[in-house]
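Here is a briefing on a predicted model. It covers a strand sheet, a helix pair and a chain contact.

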Amino acid sequence: MERKKPVMWGRHITVRFGEGCDYCRTHTNLEKGRCPKCHTIWAVRDVDFQVYPGEILGIVGESGSGKSTLLKTLYFDQQATSGEAYLSLYHEGKENFLNVSSQQKRYLRNHMMGMVYQNPMLGLRMKLSSGANIAEKLIAAGGRDAGRMIDRSIELLHHVEIPTERLRDQPRVFSGGMQQRVQISKAIANTPPILLLDEVTTGLDLSVQAKVLDLIRSIQKELGIAMLIVSHDLAVIRMMSDRTMVMLGGRVVEEGLTDQILEDPLHEYTQTLVSSLL
Amino acid sequence: MLQIQDLSKNFIMHIRSDAEIHGFDHISFTAEAGKLIAITGPSGCGKSSLLKCIYRTYTPTSGDVYYTCADGSVVNLAKAEPWEIIALREKEIGYVSQFFSVIPRVSALDILISTQTARGVEAGKAKERACEYLEKVGIGKNLWDMYPSTFSGGEKQRLNIANALITKPRLLLLDEPTASLDASSKEWVMNMILDLKREGTAMVGVFHDEIAIRTLADWRYEMRERKIVPTDYKMDYAEQVLAEAAGF
């Protein structure tokens, strides 16, 4: 069977807050990733992952397990302490993109990745119109023709089911669900090969959650974009992801097919997590 | 096509003081193209766990599951990487679960269409075949655009079966496919399974229903005390045809 090449993959990614000491460098099983001797926080520790074309990889874990930090590291919101990450479309997957120049990071953020944050304030400029928010991403990727950018913004807003007459409205006057949808349209504006989604439905009421998830699923199907979805909600992971990684204390403790993780969890923490399902 | 060797499954419940639950031990058998292996046995003896280990919803504790792919390569499903399992599930291996977990807010018709389009079938053709299968399993036209969460147990199960069969998998795992069906639905489903057998699909199924076993199975194995016991049962093709002609 021919092996697919991943769209994005990472090796030994570590994000550490503090210098570390002999104790925590040799003990990987720190409670909550915190060293009891030097108080260094190992937010992400030695994480390997692969995301294949058109696939949704879910990341679950309790608060503070490092799942959002991993996503933010890949999107350059957070500096990695060590490790490597690659994109198949960036220098044919031969250059570790975690250590590139600021200019290259901007290029990668605008062309190769889209990010949807839990808090829309992080992904949107609330005082710009929703159209301008999308245009900002298009300009960053080299767009200059105002007419084309307006057309593309209308097309994207239509795609995420926001009435096009709201093009000139600021996202601050939108509901939480609408803000998330504008964020999604901004994130996919340049059709990146990978989309990073960080707890995108947390804080939304159930019916709005369902709409956002349906939208993400339809985008994934239509555009075939690979996705990395972080959530603490196993129902979201069950519905969305093909494979799942379980994180605890900054480390990946279990990974596998989503149905295997949910029906035959092998690690103690995963068993606790699954048994907590209502 | 499928060779199971010394397959065992135990569950270690770390959250219950590492309690060990025995699934099944040292199971071996083979399944050939166009043949159906029926697994029988009392509830809780590990039949469904065996199917889930083949489909890799469960990770086997030990043993091997060799599957010969359409391209002739052999994959050990017990130890394969998740990407290999996903690719095989997409293209070659189908599974009819005992309980259909419906995809929320997707209509019955769209479920069958997307199952096919995900495997590269053109949208128009996929819709045509989806309608044909919905009709075959007796789901009324008024339900085609409805969400299956509103369906009865039998309707959900018929949709589940149609969804697994529509892709004509090379290997099909069936977990009590006829359990919640009325007599006429059962007949439709059994006919569809027989059609698929004729087209060369290898099948392993868990059954309680004697009529289904006698109609569909080529070989029958019984699970007793976590082990598989080969029976001398082998249904002959002529007997099958007679059973079919007699309306089961």
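Strand S1 (residues 2-13) and strand S4 (residues 62-68) of chain B pair in the antiparallel sense, over five bridges.

**Sheet in chain B**
- Helix H1 (residues 47-55) of chain B packs on the sheet and touches S1, S2 and S4 of chain B.
- The direction of H1 makes about 70 degrees with that of S2(B).
- Four strands form this open sheet, in the order S2-S1-S4-S5 (chain B). Their pairing is antiparallel.
- Strand S2 (19-31) and strand S5 (74-76) of chain B are the edge strands, each pairing on one side only.
- On average, neighbouring strands are turned by 25 degrees against each other, direction ignored.

**Helix pair in chain A**
- Helix H5 (residues 130-140) and helix H7 (residues 176-187) of chain A pack at about 25 degrees, and their axes are 8 Å apart.
- Because angles under 35 degrees count as roughly parallel, H5(A) is roughly parallel to H7(A).
- The crossing of H5(A) and H7(A) is right-handed.
- From H5(A), Ser130(A), Asn133(A), Ile134(A) and Lys137(A) meet Val182(A), Ser185(A) and Lys186(A) of H7(A).
- By class, the residues of this contact are two nonpolar, three polar and two charged.

**Contact between chains A and B**
- Chain A brings 19 residues into contact with 18 residues of chain B.
- On the chain A side, helix H8 (206-223), strand S9 (251-257), helix H10 (258-263) and helix H11 (268-275) each supply at least two residues.
- H11(A) gives the most to that side, with four residues.
- The chain A side divides into six nonpolar, five polar and eight charged residues.

Terms used
Residues are numbered from 1 along each chain as its sequence is written. Chains are lettered from A and ligands numbered from 1 in the order in which they are written. This is a predicted model: local features need pLDDT of at least 70, side-chain atom pairs count only at pLDDT 80 or more; totals for chains, interfaces and linings use all residues. Two residues are in contact if their C-beta atoms, placed from the backbone, lie within 7 Å. Ala, Val, Leu, Ile, Met, Phe, Trp, Tyr, Cys and Pro count as nonpolar, Asp, Glu, Lys and Arg as charged, and the others, Gly among them, as polar. Axes are lines fitted to C-alpha atoms, for helices over the stretch in contact, and angles run from 0 to 180 degrees between N-to-C directions. Angles under 35 degrees count as roughly parallel, over 145 as roughly antiparallel, 65 to 115 as roughly perpendicular and the rest as oblique. A crossing is left-handed if the near helix is turned anticlockwise from the far one by less than a right angle, and right-handed if clockwise. Two strands pair if DSSP finds at least two bridges between them.
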